[in-house]
Amino acid sequence: MSDLAKAIVTVTDLVKRFGDNAAVDGVSFDILEGEVFGLLGPNGAGKTTAISMISCLLAPTSGEVIVDGASVTRDPRKVKCALGVVPQEIALYPTLTALENLRFWGRMYGLGGRLLEERVAEALETAGLADRARERIETYSGGMKRRINIAAGIMHHPRVLLMDEPTVGIDPQSRNHILETVKELNRRGMTVLYTSHYMEEVEFLCDRVGIIDHGKVIALGAIDELRRLVGDENVISVHLSELPAGVLDALRALPEVDSVTATAPADAAEADEEGAKPEVDETVMVQVLSKDSGTVIADVVSVLGRAGARILSVDVREPNLESVFLHLTGKSLRD
Amino acid sequence: MRWLHVGIKDLTVTVRDRGSLAILIAMPMILIVILSSALGNLASNLGKTPVAIIDLDQGRVGAQVTDGFFTDPQLTTLFLAQRMTDPIEARALVAKGDLAGALVVPADFSRRLDTGRSSKLTVYTDPGRQIAGTVFRSVAESLSTRVSAASIAARTSAYYVAPLRVRDPGFVYGVIGKAVQSASETSALSAVQVVESTAARGTELSTLSYYAGAMSVMFLMFGAMFGAFSLVRERDNWTLPRMLMSPGTRWEILGGKMFGVFMVGGLQFLVLFAFTSALGVRWGDPIAVGLIAVSTVAAATGLAIFIAAVAKTVRAVSGVAQMLIQFMAAIGGSFFPVSQFPAWMQPLHYVSVNGWSIDGILATMRGASAAEVLPNVAALLVIAAVFFGIGAWRLRWE
Ligand SMILES: Nc1ncnc2c1ncn2[C@@H]1O[C@H](COP(=O)(O)OP(=O)(O)O)[C@@H](O)[C@H]1O
Ligand SMILES: [Mg+2]
């Protein structure tokens, strides 16, 4: 992605207040033509509210969004035509079949006749569900619903696709399918805004990333640029069978330790759509950020050992977006 | 054309939902059959029979005939009598079905009888309520007999009053038979002749016809409730926001939702119309029925938007809708005919969709033309516009 690439979406000082609460609080960023731009932030950061304003669903309290030269406030129709949207919720009709849903959403984007049928077939192909097109959405698994949810947003070949946490609550296989789909759509020339609270997804997909927290973009840039924000710090991840009381404070008290967080391990933390967790997992992931991981790791292990915790694994890594977030906010993305 | 696609989508979703179909179409069918067979002929079995007494005589003998309708405890349990002064107006009310009958005592009644001449009483009855009309005529005859021959009157009054309080159609028929027989026996002795005149045109309105109209209208209101459900649900599960993010305008989408509710209502009406017609209900002039049906469905559509705007959640929709629907059904005559209500309550039925609609349907069933039901159509369209106006103004989109 060269810096000379043209911005197809420009967000300037965007604000949305609900009463006293600013859900989006002065956000600015550009999305360049042809890139996958990531908006990474924890739940409640303001991602959905931002996407709702870009897609003309919500009127901004102040600020401006320009999509493909058109303003969301002055020319929403042109903005909407240039955009495809994949909402965070599965916005489909459960008692209609996948085919019927796609035909309906295609018509809402002005498609009809032969072209509609072609695009529906193409979208079903992309979703990998052509053979189950005549089944009702309510009979689908969570992952399949998510795939049709995406298919419904791409039939009109939008210039920019807004995807709001399209992988929430699904099995790893469907998630991989979706991530590959996003890559493929981008390869075919679609610009993508991808929001998530999974840093792995954003690292895998995105050219540039905005990190958002409490309605503000706290960091913005290419992934390597963001990593450099953490400096030469490394992340020590310790997988524990349980979290003994007071152990986090003990770790924070160690010299050379910059910050400490504890989270449930990735994936297991999220219940899927049907409400069942993939497996019962009471283990804890403790992450310690330090410039001198080589020395600190011994101290960390001994503190944990004295506290009586059973260590399942220890791992030292280069900083990732998770550590960037940790470094900037002192908390984990999945808190 | 987005509105068309949204409407067709909504119709498809509704038709595919067995629960909705059961409530919107099967339930009214069942209720129409149950209510009409359980209640039999309305006029003879439900409440008091409304009649008008017009005493143009204002003399002693006229009072002897008419006072009984207000003072005789047995007659007052049977009839809800009101005094009127204009026979033409009374006749019109009977023709409309608002009254089951009217008794007119001519102006020279006392003078003629006092001078040994004969006179005539006029009775208007509604052929749509044969039983009530016949009973009323018999009573009038008996009363007139009492005037002309007190001894015979004593004998006749004994049989017509006592059994009539039993609400059993078979019994009532028996009584009428006796009443008619007695009338013919006593007429020879009578100086007063009762001239019966049919006030209305159309055919008999059976309980079946009544409930065919009343229940269809009530369940069109439930159709509106389902329309409101659909709007609120689409708002919650992001299909409405998704539509709003597509290039369509709010008005296209709201228009589509309304079109969907309208088509569901139209479908409901067509099915119920076909079903009750097969059972023998004659709805009347197709154009008049069509006008009433379309304007009623329009009012229900407006009601759907109104409910969705007032209620924020699916649960609230259900609460608001049931309250509104039951209120309108009760005062509008979906449960019991408005003519059976106390007089002070009757005008209230015009604040409901049901009142205007049932009023119109009963008129077409009695033979009214399209032109004659235009006031009802206009009133329903005004209600539709008011509901829609408030609804569209207050609707929360996101
Ligand atoms: N319609 C609304 N009314 C009031 N508050 C809202 C509304 N939508 C979102 N919020 C608040 O705005 C903040 C950001 O929400 P959201 O944009 O959904 O975050 P995210 O998508 O990043 O999880 C949250 O605190 C949320 O409670
Ligand atoms: Mg969100």
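How much area do chain A and chain B bury between them, and what share of it lies on carbon and sulfur atoms? The two chains bury about 2400 Å² between them, 66% of it on carbon and sulfur atoms, where buried area is the accessible area (1.4 Å probe) that two parts lose on being put together, summed over both. Of the area that chain A buries against chain B, A:Leu57, A:Tyr93 and A:Met108 supply 27%, more than any other three residues.

This is a predicted model, in which local features need pLDDT of at least 70 and side-chain atom pairs count only at pLDDT 80 or more, while totals for chains, interfaces and linings use all residues. Residues are numbered from 1 along each chain as its sequence is written, chains are lettered from A and ligands numbered from 1 in the order in which they are written, and side-chain values use heavy atoms, with hydrogens and water left out.

The contact (heavy atoms within 4.5 Å) and the salt bridge (a side-chain nitrogen of Lys or Arg within 4 Å of a carboxyl oxygen of Asp or Glu) give these values.

| Item | Value |
|---|---|
| Chain A in the contact | 30 residues |
| Chain B in the contact | 21 residues |
| B:Arg16 to A:Glu100, salt bridge | 2.6 Å, N to O |

Helix 1 of chain B, residues 2–16, has 15 residues, helices being DSSP runs (H or I, at least four residues) numbered from the N terminus. Its buried residues (under 20% relative accessible area, 1.4 Å probe, protein chains only) include B:Val6 and B:Asp10. Seen down the axis of this helix, the buried residues fall within an arc of 160° (taken from the directions from the helix axis to the C-beta atoms), so they line one face.

Technical notes
Helices (H or I, at least four residues) and strands (E, at least two) are DSSP runs, numbered from the N terminus. The expected span of a helix is 1.5 Å times one less than its number of residues. Buried means under 20% relative accessible area, exposed over 50%, partly exposed in between (1.4 Å probe, protein chains only).
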